[in-house]
Amino acid sequence: MSLSSLALQMLTGLQIGAIYVLIALGLTLIFGTLGVVNFAHGALFMIGAYLGYVISEATGHWAAFIAVPIILFVIGVVLERGLIQFFYNRPVTDQILVTFGLALVVQETMRWIFGGTNLPYSTPDWAIIPIDIGIGYYPPWRLVIVAVTLVVVAAVFSFLRFTRFGLVVRAGMRDPEMLGFLGIDVPKRFTLVFGIGALLAGIAGVVGGQITGVTPEVGMSVLVPSFLVVVIGGMGSLWGAVLAGLILGEAISLSVLIYPAITQVMVYIVAAVVLLWRPRGLMGLKGVAE
């Protein structure tokens, strides 16, 4: 195997990891700020992929890239106000059961509307022909996914760290009663956080649907590795989710070259090794999810 082939395979691992990071970022953001284990997050990704397909077929890809995250943000706000807010103080098992049930309802609804076959969600015309990147030819769309992930990660961290909204959200998790005494509407901000998490799932769906496929089962298929990304990185740790997503993507990609038979279970192998070494995950903190 040549060095260029290895480099291309590692670049593919970076793209796989980028999709996991986009999904896991919203998942861990919701858990880290709201304390909600959202097993319907994969369904939000699936909705994003389906909406991306429908809108791109009707009006073009650029309209889909703009509209889908906005629509998912609205869906997230409605979902939080209509259902999730009632489970903030409920046991984790209740949160898992209700969100997992919701995911199944959404999955079967999509199957009823669109059927069970994979929809031909194509990439933009300019991203079809592989380009020479110096180490070989590579599909431009996969590079776009990596670039979008970098921008989104930078935006999320900057938003939470350098804005008053982010400061209020972090403070609200520590002492929401005190913020209430100061006249700050904490539930409203928590609603926006859930909406942002759904928006991130929408971005993942609209840019990653071409890679993962658009089927009713795609939400469940990405949920398990994405949730493992959150666990491996450390529950509630955004930096941990980013690091774990990249590690998992590279592990899956390189396993194709080393021993293809273990590719399908590579996520569980990595999870087992990391959690045996660090039970709280790579960047998990004591007391979180315990």
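**Cavity, pocket and helix packing in a predicted model**

Good morning. By class, the lining of the largest cavity comprises seven nonpolar residues, one polar residue and no charged residues. Before I continue, please bear in mind that the structure before you is a predicted model.

Let me stay with that cavity for a moment. A search of the whole structure finds one cavity of 30 Å³ or more, and the space inside the largest cavity is about 30 Å³. Which residues line the largest cavity? They are Leu27, Phe31, Val36, Val37, Asn38, Phe227, Val230 and Met235.

I turn next to the second largest pocket. About 450 Å³ of space lies in this pocket. Its lining consists of 16 residues, and those nearest the centre of the pocket are Ile16, Tyr20, Ser221, Pro225 and Ile252. At least two lining residues are supplied by each of α1, α8 (186-212), α9 and α11 (266-277). Which helix provides the largest share of this lining? That helix is α9, with five residues. Sorted by class, the lining of the second largest pocket holds 11 nonpolar and five polar residues, with no charged residues.

The remaining topic is the packing of helices. Two packed helices are described by the angle between their axes and the distance between the axes.

The axes of α1 and helix α10 (residues 238-258) come within 7 Å, and they cross at roughly 145°. Is the crossing of α1 with α10 left-handed or right-handed? The crossing is right-handed. In the contact of α1 with α10, 18 residues are nonpolar, eight are polar and one is charged.

The other pair is helix α2 (residues 41-59) and helix α4 (residues 92-114), whose axes come within 9 Å and cross at roughly 20°. Because that angle is under 35 degrees, α2 counts as roughly parallel to α4. The crossing of α2 and α4 is left-handed. On the α2 side, the contact is made by Ala43, Met46, Ile47, Tyr50 and Val54; on the α4 side, by Ala103, Val106, Gln107, Met110 and Phe114. Taken by class, the contact of α2 with α4 has nine nonpolar residues, one polar residue and no charged residues.

Thank you for your attention.

Terms used: Residues numbered from 1 in each chain as written. Predicted model: local features only at pLDDT ≥ 70, side-chain atom pairs only at ≥ 80, totals over all residues. Heavy atoms only, no water. 1 Å grid on protein atoms, 1.4 Å probe; cavity = no way out; pocket = protein on both sides within 12 Å on 5 of 7 lines; lining within 4 Å. Points joined across faces, edges and corners; volume = space filled by probe spheres on them. Nonpolar A, V, L, I, M, F, W, Y, C, P; charged D, E, K, R; others polar. Axes fitted to C-alpha atoms, helices over the stretch in contact; angles between N-to-C directions. Helix = DSSP H or I, 4+ residues; strand = E, 2+ residues; numbered from the N terminus. Parallel < 35°, antiparallel > 145°, perpendicular 65-115°, else oblique. Left-handed = near helix turned anticlockwise from the far one by under 90°. Contact = heavy atoms within 4.5 Å.
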